[in-house]
Structures are given as structure tokens and as C-alpha cells.
Amino acid sequence: MDFIKKNIDWIPAIIIAIILGGSLPFKFTGSPITDHIFDVVGLFLGLDFFRTSGGYIIGVAELIAVILVLVPKTRGLGGLMTSGIMTGAIFFHLATPLGVTVRWEENGAQMEDGTLFYTAVVAFISGLFLFFRNKDAVLALVGMGDKTEA
């Protein structure tokens, strides 16, 4: 039982690595769904640069989050970063024309994907779990750890 308790953080860390890491090829290759998502979000925000560069920006942030969750010492920080990124994803799915089920055109065919929203929710919850399990390490990393006097 002690082994499970000690290593339980690997489960959400791997989930995050699969979800965020799995999306990286789409973010960095200009796939039609990525182009559509960031076009919709960029239009909503009124930020033209985000329409063309948002996939790369978020992709770099997600890559950093994946690396952080896979390193035990920085896992909590990676979880916090993941939850922050996924908060944005969830918000934009719910508050913009993007919708929970994303619909876009690819090679003249109408496509749709309803999994992106739900995987964002799973990554968000996994990130929160890692953050709260490792919050003391996160506070220590940012210099706000327990400062008991000797």
C-alpha cells in the first residue's frame, strides 16, 4: 500500500503527458483543426496574432507542462500549469462559438470532434490533483515554503 501511495502521482502525470503530449504534433504542424480552433479563439479575443500563432504559443506551454509533470521534483508546478492552460481551453470551448463539439472543414469535408473538451477536463482535474498533492514542493520552488525558525 505504501508503494501505491508513494507512486500514485504517476497516474495523473502520465494522463497529462498523453493528452497534452498527444496534441503537440497538431499544434506544431498547422493541422486544420488547430488552425480552426485558434482562428475562432483569436477572433473572439480580437487578437490577430493569436489566430496564426496561438497553436505554437499554447503548444510550447503544454510541452513545458508535460516536462514538468514528468519530473517528480517539479510535478506540482507542472500540474498547476496544466490546470491553468486547461482552464483556458475549457473556457473557450464553453464561451465561444468553438463549442464543446468542435466542427471544422478539412479537405472539403465537414469534420467534428467532441473529445477535445472532455480531455481538457480530464487534464484539468489531473493537474489539480498533482498540484494539491505537491503544493508544498511548489511553494518551496517559488520560495514560499515553510519558513520555520530554528
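Me: Where in the chain is Asn134 placed, between which helices?
Reply: The model is a predicted one, and residue numbers run from 1 along the chain. Helix H6 covers 115–133 and helix H7 covers 135–141. The place of Asn134 is therefore in the loop between H6 and H7.

Me: Is Asn134 buried or exposed?
Reply: Not counting residues up to four places away in sequence, Asn134 touches Asp9, Arg75 and Gly76. Its relative accessible area is 15%, and a residue counts as buried under 20%. Asn134 is therefore buried.

Me: How many helices and strands are there in the chain, and in what order do the elements run?
Reply: The chain has seven helices and two strands. Read from the N terminus on, the order of the elements is α-α-α-α-α-β-β-α-α.

Me: How are the axes of H2 and H5 placed, roughly parallel or oblique?
Reply: Two packed helices are described by the angle between their axes and the distance between the axes. For helix H2 (residues 10–28) and helix H5 (residues 75–95), the axes come within 11 Å and cross at roughly 45°. That angle makes H2, relative to H5, oblique.

Me: Which residues of H2 and H5 meet, and what is their make-up by class?
Reply: The crossing of these two helices, H2 and H5, is left-handed. On the H2 side the residues are Trp10, Ala13, Ile16 and Leu20, and on the H5 side they are Arg75, Thr82 and Met86. By class, the contact of H2 with H5 has five nonpolar, one polar and one charged residues.

Me: By class, what residues make up the contact of H3 with H5?
Reply: From H3, the residues Val41, Phe44 and Leu45 meet Phe91, Phe92 and Ala95 in H5. Sorted by class, the contact of H3 with H5 has no polar and no charged residues, and the nonpolar ones number six.

Me: Which elements give two or more residues to the largest nonpolar core?
Reply: The largest nonpolar core has 15 residues, and those with the most contacts inside it are Ile16, Leu20, Val69, Ile85, Met86 and Leu130. Apart from it lies another core, of 10 residues, among them Phe38, Val40, Val41 and Phe50.

Me: Which residues is Ile16 in contact with, leaving aside its neighbours within four places in sequence?
Reply: Ile16 is among the residues with the most contacts inside the largest nonpolar core. With those neighbours set aside, Ile16 is in contact with Gly21, Val66, Val69, Thr82, Ala123, Ser126, Gly127 and Leu130.

Me: What is the relative accessible area of Met86?
Reply: Met86 has its place in helix H5, and beyond four places in sequence it touches Leu20, Glu62, Ala120, Ala123 and Phe124. Met86 is buried, and its relative accessible area is 4%.

Me: How far apart in space are Met86 and Phe117, C-alpha to C-alpha?
Reply: In sequence, Met86 and Phe117 are 31 residues apart. In space, their C-alpha to C-alpha distance is 9.3 Å.

How values were computed:
This is a predicted model: local features need pLDDT of at least 70, side-chain atom pairs count only at pLDDT 80 or more; totals for chains, interfaces and linings use all residues. Side-chain values use heavy atoms; hydrogens and water are left out. Axes are lines fitted to C-alpha atoms, for helices over the stretch in contact, and angles run from 0 to 180 degrees between N-to-C directions. Helices (H or I, at least four residues) and strands (E, at least two) are DSSP runs, numbered from the N terminus. Angles under 35 degrees count as roughly parallel, over 145 as roughly antiparallel, 65 to 115 as roughly perpendicular and the rest as oblique. A crossing is left-handed if the near helix is turned anticlockwise from the far one by less than a right angle, and right-handed if clockwise. Contact means heavy atoms within 4.5 Å. Ala, Val, Leu, Ile, Met, Phe, Trp, Tyr, Cys and Pro count as nonpolar, Asp, Glu, Lys and Arg as charged, and the others, Gly among them, as polar. Buried means under 20% relative accessible area, exposed over 50%, partly exposed in between (1.4 Å probe, protein chains only). A nonpolar core is a set of buried Ala, Val, Leu, Ile, Met, Phe, Trp, Tyr and Cys residues joined through side-chain atoms within 4.5 Å.
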